[in-house]
Amino acid sequence: MSMHVPEVRVSRHARNTSVSDDIDFEIKGSEMQFVEIELDPGESAIAEAGAMMFKDQYIGMSAVFGDGSGQEGGFMGKLLGAGKRLLTGESLFTTVFTHEGAGKARVAFASPYPGSILPIKLDEYGGRLICQKDAFLAAARGVQVGIHFQQKIMTGLFGGEGFIMQRLDGDGWAFVHVGGTVIERELKPGEVLHVDTGCLAAMTADVDMDIERVGGIKSMIFGGEGVFFARLQGPGKVWLQSLPFSRLAGRIWASAPQMGGQDRGEGSLLGGIGNILDGDNRF
């Protein structure tokens, strides 16, 4: 089922015992979306460094170690949480945006490249979401942003982008950016789906992920899909993206003139063999 979110507005529910702030938001745009979050006094949102598009005057911002959820406990805990973020290619710091005035105020966060922003209410998926290492964009204060390692040895050795992923924990809203068009799949118990590891945007924690070999020797060398792909087994829900950033960056790199005047065009047989273990996977 294709998912296209040109604009979404969510209104406030009655405040309960949730850990995360209850926030209102709108998702605007089509190919280059942004999420606009409305905060009440004292409420906060967290975001990746550099994701902000604009904010109202009375929203203060501060850079903190880790995810700003306050769950780390002490300086060493915060330092460890921030260090984990380095393994997913993110900054040591997260920016916290807090409404310090009266009334309502808004802050917006923009997508880094063409695609869609998925609003995910974590308590609807067991309080945890596993996503690609660069997918997290923003969230309500209280959502924890951690790291998820695939435990299986083969996935660790050959999983590429699927090996080290982000883990979002909590009960509030989180906003995940995915490239291109988004596909949602609900996997039944025992149902298996084969996916290029770069095209896996997010999945619920109950999905079992492993890797499988693509096929014969010719498929490995000339198929252009790499040697391994992700094997996802239900039950659970997965979100797929049609344009992984690694694929976009790879096409730009392949089309650009290289040092020494060499042009690594897509028709280069040597380039294809040289990237035999690559596909969309970057180690």
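User: Which side chain does Glu36 meet in a salt bridge?
Analyst: Glu36 meets Lys28, at 3.6 Å from N to O. A salt bridge here is a side-chain nitrogen of Lys or Arg within 4 Å of a carboxyl oxygen of Asp or Glu. This is a predicted model, where local features need pLDDT of at least 70 and side-chain atom pairs count only at pLDDT 80 or more, while totals for chains, interfaces and linings use all residues. Residues are numbered from 1 along each chain as its sequence is written, and side-chain values use heavy atoms, with hydrogens and water left out.

User: Why would such side chains pair in the first place?
Analyst: Side chains of opposite charge can pair when their charged atoms come close.

User: Is Glu36 buried or exposed?
Analyst: Glu36 counts as buried because its relative accessibility is 8%. Lys28 has 23%, so Lys28 counts as partly exposed. The cut-offs are under 20% relative accessible area for buried, over 50% for exposed, and partly exposed in between, with a 1.4 Å probe and protein chains only.

User: What does Glu38 form a salt bridge with?
Analyst: Glu38 pairs with Arg106, and their closest N and O atoms are 3.4 Å apart. Glu38 lies in strand β4 (residues 34-39) and Arg106 in strand β9 (residues 105-110), so this pair ties together parts that are 68 residues apart in sequence. Strands (E, at least two residues) and helices (H or I, at least four) are DSSP runs, numbered from the N terminus. Glu38 is buried at 12% relative accessibility, and Arg106 is buried at 17%.

User: And where does Glu184 come in, which partner does it have?
Analyst: The side chain of Glu184 meets that of Lys237 in a salt bridge of 3.1 Å, N to O. Glu184 is in strand β16 (residues 182-187) and Lys237 in strand β21, 53 residues apart, so the pair links distant parts of the chain. Both of these residues, Glu184 and Lys237, are buried. 

User: Which residues do salt bridges with shared partners join into one network?
Analyst: Glu26, Lys28, Glu36, Glu38, Asp40, Lys104 and Arg106. The whole structure has 12 salt bridges.

User: Asp40 is in that list. What reaches its backbone nitrogen?
Analyst: The side chain of Glu43 does, at 2.9 Å. Glu43 sits in the loop between β4 and β5 (44-48). With a relative accessible area of 3%, Glu43 is buried.

User: Changing topic: how many aromatic pairs are there?
Analyst: A search of the whole structure finds four. Rings of Phe, Tyr and Trp (its six-membered ring) pair if their centres lie within 6.5 Å; planes under 30 degrees apart count as stacked, over 60 as edge-to-face and the rest as tilted. One of the pairs is Phe25 with Trp173: the centres are 4.8 Å apart and the planes are at 65°, so this pair is edge-to-face.

User: What about Tyr125 and Trp239, what kind of pair do they form?
Analyst: An edge-to-face pair, 5.5 Å centre to centre with 80° between the planes. Tyr125 is in the loop between β10 (115-121) and β11 (128-131), while Trp239 is in strand β21 (residues 236-241), 114 residues away. Tyr125 is partly exposed at 24%, whereas Trp239 is buried at 1%.

User: How many disulfides does the structure hold?
Analyst: Zero, where a disulfide is a pair of cysteine sulfur atoms within 2.5 Å. Cys131 is buried at 0% relative accessibility, and Cys199 is buried at 13%.

User: Is Gln57 buried or exposed?
Analyst: Gln57 is exposed, with a relative accessible area of 65%. Its place is in the loop between β6 (52-55) and β7 (59-65).

User: Last one, the overall numbers. How many helices and strands are there?
Analyst: The protein chain has five helices and 21 strands. Of its 283 residues, 46% count as buried.

Key:
A polar contact is a pair of N or O atoms within 3.5 Å; within protein, one must be able to donate a hydrogen and the other to accept it, and residues adjacent in sequence count only if both atoms are side-chain atoms.
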